Amino acid sequence: MTQKIERLEVFGVAMPLIGTFTSAGVSKQATKCVVVRLTASDGTIGISSVEPSAVTKSPGTAAELAVAIRDRIAPAVVGLDPTNINHLIQVLDELTPTQPGAAAAVEMACVELASRMHGVALYTYLGGAAQTEVLFNGWIGELPPDEAAAEARRWLKAGFRSAKIKVGSGVEKDHDRVAAVRDAVGNAMKLRMDANLQYDADTSLKLCRLVKKYDMQLFEQPAHLRDLAGLARVRREGGIPVMADESVSDHASLIAVIKADAADFVKFGIKQAGGILRASRMLATAQAAGIPVVIGHGFGLDPSTLAEIMLAASSRNVLPGLECVGPLKVKDTVATTRLDISSGSMSLPGGPGLGISLDESKLEQYRLQ
């Protein structure tokens, strides 16, 4: 008997952070998210979450995505087969062409529901686990050198083997921060740096010349998101591998980066890709092009974090050091059990689906006003 979507519920969530976080020049003390719960006619439930970044503009904010899901998507998908993901993607694209995050949230919940119907973990639904343990990447903000060094030592002591250093406060200050971190951890950690769109190619090349000796694993987004020629130039001349992040917003933009020879690595999350199946297809495209992928986004709740963990586990082309580390930045969870990635690694959980359930009291406690 074919199952149907019987109910679609959407919850806006404002989850407090453990401190103030600044990225791309924007600071925040809470992450505003959308949580989706689908119920099929046999009672099977599928869940998801999406977390727009702090710099997201209308119509992609969490509140706007929640309204779009409630008012446009829910009436259209109730009654559809939740396991026919390809058909649902087509319907969702037509409903929210300017709000891909809304479509991604519902697609993710449908994939999770389909996994549960089959009684398998989400990574099994995607073809199976290519790796049974995943590693995570720490982060170090635009801190003074001594504070950055202390933060790096904390990550290393906890068990992390890679970390990202935020740059963008001036190349001399960036150099001093990077130097202090490398001195603090020696060769025990792989180090990445991320300009978060704050530098153009010329400035990034100046920074490359200053920090090249510190053996950086990669330099994330060292030019404007549309400046693929700038990314390619930094890649050719900087002596540090380049990773495209903001330049990769969907499958077409990934192909554009590949054609421009603009990156040694690419990074995306499930929301940015437009859903789990699209993210899986983008992984395959990057692998065919010989470009490893970094998976994750910085402020995810447990559902999206687990989804990205399981997506990453399904491919051998994912760089160790996942950046889906949101649970380390938030004060609580919306699930009945809290995900623990504090040691810098974790073994894959069993199924079915994501292996977690939503906590009604937490959804109410952190309800986005």
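Modeller: In this predicted model, a cavity is a set of points where a 1.4 Å probe fits but cannot get out, and lining residues have an atom within 4 Å of a point.

Biologist: Which residues line the largest cavity?

Modeller: S49, V50, E51, M108, I270, K271, H297, S304 and E308 line the largest cavity. Each of β3 (45-50), α10 (270-273) and α12 (302-313) supplies at least two residues of that lining.

Biologist: How many cavities of 30 Å³ or more does the structure hold?

Modeller: The structure holds one cavity of 30 Å³ or more. The largest cavity has about 40 Å³ of space, and its lining has three nonpolar, three polar and three charged residues.

Biologist: Why is strand β6 (residues 162-166) called largely enclosed?

Modeller: Buried means under 20% relative accessible area. Five of the five residues of β6 are buried, so the strand is largely enclosed by the rest of the structure. S162, K164 and K166 are buried on one side, and A163 and I165 are buried on the other.

Biologist: What makes β5 (residues 138-140) and β6 a pair?

Modeller: Two strands pair if at least two bridges are found between them. β5 and β6 have three bridges, in the parallel sense, and therefore meet that cut-off. In one of these strands, β6, I165 is the bridge partner of I140. From β5 the chain crosses through helix α5 (residues 145-158) to β6 in a right-handed β-α-β crossover.

Biologist: How do you know that β6 and strand β7 (residues 190-194) pair?

Modeller: β6 and β7 have five bridges in the parallel sense, and the cut-off is at least two, so they pair. K164 stands opposite R192 in β7.

Key. Residues are numbered from 1 along each chain as its sequence is written. This is a predicted model: local features need pLDDT of at least 70, side-chain atom pairs count only at pLDDT 80 or more; totals for chains, interfaces and linings use all residues. Side-chain values use heavy atoms; hydrogens and water are left out. Buried means under 20% relative accessible area, exposed over 50%, partly exposed in between (1.4 Å probe, protein chains only). Helices (H or I, at least four residues) and strands (E, at least two) are DSSP runs, numbered from the N terminus. A crossover is right-handed if, with the strands pointing away from the viewer, the path from the first strand over the helix to the second runs clockwise. On a 1 Å grid over the protein atoms alone, a cavity is a set of points where a 1.4 Å probe fits but cannot get out, and a pocket is an open set with protein on both sides within 12 Å along at least five of seven lines; lining residues have an atom within 4 Å of a point. Grid points are joined across faces, edges and corners, and a volume is the space filled by probe spheres set on the points. Ala, Val, Leu, Ile, Met, Phe, Trp, Tyr, Cys and Pro count as nonpolar, Asp, Glu, Lys and Arg as charged, and the others, Gly among them, as polar.
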